[in-house]
Amino acid sequence: MTEPDIFYILGNKVRRDLLSHLTCTECYFSFLSSKVNVSSTAVAKHLKIMEREGILKSYEREGPFIGPARKYYDIAISRTYVTTVTPNLFWYRGLDLGGSLIEKAEIDLSRIPLEHETLISMVASFLELTGELEKILQALQAVESRRDRLMKEIKERYLEEIGDMTQMAILHYLLLNGEATIEDLSDRLNLKEREVIVKAQELDKFIPLRIKDGIVKIDEEKLKQKLGGVEDAGED
């Protein structure tokens, strides 16, 4: 299969939103259509484009109720894409997440001079910097591979132990983005803002959150306390 045109895919907000939902869970067509503000015809077109490019795969599966099988979509690739665009550089690389991965990388730029007197020394330094960049790319590949595997395990464990898909969707979003406004989560989950607050408060019983001034984020200090077996002394 040829390399998908990832920049063409990501250049459209609707396709980015669809991919965002699909990273949370596999979805059937009508569910995806309800999550974006375009017609179902437009959604079908975007899904077809991504399937043609090899980003998505589709399949039919029987639902829990009597009726026709539903068509589901799932992401078909596991890659990290890196790009640089400057007046002097344009390059991009796709990195497969999997296989043999490094555990440690050491980057050393101190031995590469900042100033050069000859053209040949400039070329030599550029090649040395490219070698250091390769180490960074290998490290990024290893980090993203482990994050991908761990996110999969988090989703499976949360649904198995807690069983609330909306709470898990909030957790998924916070892990990927660091924090979110209530308004952002409301738009993403297609819920009223007060419903988002209730779900975030329910999630807080399992994963400590900070919910303040309309912003939700994981409370890393309380998380560390829980890992260390320290109970909260009181509310903030």
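Helix α7 supplies the largest share of a negative patch, three residues. Keep in mind as you look around that this is a predicted model.

To see the whole patch, select E183, D184, D187 and E193; together they form a patch of negative charge on the surface.

Next, pick out D187 by itself. This residue sits in helix α7. Is D187 buried or exposed? D187 is exposed, because its relative accessibility is 57% and the cut-off for exposed is over 50%.

Now move to S186, which also has its place in helix α7, the stretch of residues 182-189. Here the picture is another one: S186 is buried, because its relative accessible area is 11% and buried means under 20%. Which residues is S186 in contact with, leaving aside its neighbours within four places in sequence? Show L191, K192, E193 and V196, and you have them.

For the last stop, leave the charges behind and select L89, L119, M122, V123, F126 and L127. These residues make a nonpolar surface patch of about 600 Å². Zoom in on F126, which is found in helix α5, running over residues 119-161.

Key: Residues numbered from 1 in each chain as written. Predicted model: local features only at pLDDT ≥ 70, side-chain atom pairs only at ≥ 80, totals over all residues. Heavy atoms only, no water. Helix = DSSP H or I, 4+ residues; strand = E, 2+ residues; numbered from the N terminus. Buried < 20%, exposed > 50% of the residue type's maximum accessible area, 1.4 Å probe, protein only. Contact = heavy atoms within 4.5 Å. Patch = residues over 30% accessible without salt bridge, like charges linked within 9 Å, V, L, I, M, F, W, Y side chains within 5 Å. Areas by Shrake-Rupley, 256 points an atom, 1.4 Å probe, with all protein chains shown as cover. Salt bridge = Lys/Arg side-chain N within 4 Å of Asp/Glu carboxyl O. Lys, Arg positive; Asp, Glu negative; His and termini not counted. Charge placed at Lys NZ, Arg CZ, Asp CG, Glu CD.
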